[in-house]
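Please open the structure in a viewer and keep the selection tool at hand. The stops below proceed from the whole chain to individual side chains.

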Amino acid sequence: MNNLTELERDSLCELFNISLGGAAKLMSEMISDEILLTVPSLKLISKAEARNFENLSKQEVCTVEQKFVGDIGNGSAFLLFHKSASLEIVKMMMKDYVALNEVSQFEKDALSEIGNIILNAILSNLAKMSNYKIETHIPEFFSGKYEELFINSTSNPNEDNSILLVFIDYQLKGKEIKGYIFFILNFDSIKNLSRVLIEKLK
């Protein structure tokens, strides 16, 4: 498995840290309450490791995928939550305006909006900090088994993609919700990006 140096890893963590800070501010404005995001932790994993990640394969999840193309290469960014966590997020956004039995009806729109905010923040900051040109597609929402949703998007045997995994925690009024960002890109592109960021962050 290809690896990143500590300095390369730190530069990528800083990119996500800056991006998620901006995203948290926007989300806080949306729900008129403060959202706290932890400083993200990051690891590089293979497709095989992704298939078995934290025993998610049989679990129900919700994801928002943002495909992108450009100087960095072609790839995808995923925001992923457990199904139960996604419903908690919808309840946060809808507050008292929606009955609990109606929450699932708003799940797609609410999570797509959150995914759009977070993933766009990351890709926009990536482009800004690296001077890369990046074009994004319309985010796509998926709900179902992890193995059917996420893995199908990374199953092309001809693509030598690595998966940059970022762990994030949301806190709001005592609730803590764990989420994941999967950044799927060729390893050499990830490596080059980290080196560009190192120069920019000096």
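What does the accessible surface of the chain come to, and what percentage belongs to carbon and sulfur atoms? The surface is about 10,100 Å², with 47% belonging to carbon and sulfur atoms; areas follow the Shrake-Rupley method with a 1.4 Å probe, and for residues only the protein chains shown count as cover.

The model is predicted: local features need pLDDT of at least 70, side-chain atom pairs count only at pLDDT 80 or more, and totals for chains, interfaces and linings use all residues. Residues are numbered from 1 along each chain as its sequence is written, and side-chain values use heavy atoms, with hydrogens and water left out.

**Whole chain.** Colour by secondary structure. There are six helices and eight strands, taken as DSSP runs (H or I, at least four residues, for helices; E, at least two, for strands) and numbered from the N terminus. Along the sequence the pattern reads α-β-β-α-β-β-α-α-β-β-α-β-β-α. Of the 202 residues, 49% are buried (under 20% relative accessible area; exposed is over 50%, partly exposed in between; 1.4 Å probe, protein chains only).

**Nonpolar cores.** Next, select Ile72, Ile118, Leu164, Ile181 and Phe183, which touch the most other members of the 48-residue largest nonpolar core. Such a core is a set of buried Ala, Val, Leu, Ile, Met, Phe, Trp, Tyr and Cys residues joined through side-chain atoms within 4.5 Å. Helix α4 (residues 107-130) gives the most to this core, namely twelve residues. A second, separate core of 14 residues includes Ala50, Phe53, Tyr180 and Phe182.

Centre the view on Ile181. Beyond its neighbours within four places in sequence, Ile181 has contacts (heavy atoms within 4.5 Å) with residues including Phe16, Phe78, Ile118 and Leu164.

**Salt bridges.** The structure holds five salt bridges, each a side-chain nitrogen of Lys or Arg within 4 Å of a carboxyl oxygen of Asp or Glu. Select Glu8 and Lys191, whose closest N and O atoms are 2.9 Å apart. Glu8 lies in helix α1 (residues 6-31) and Lys191 in helix α6 (residues 187-200), so the pair ties together parts 183 residues apart in sequence. Both residues are buried.

Arg195 is partly exposed, with a relative accessible area of 44%, whereas the value for buried Glu8 is 5%.

Finally, select Glu140 and Lys67, whose side chains meet in a salt bridge (3.8 Å, N to O). This pair links strand β6 (residues 140-145) to strand β3 (residues 60-70), 73 residues apart.
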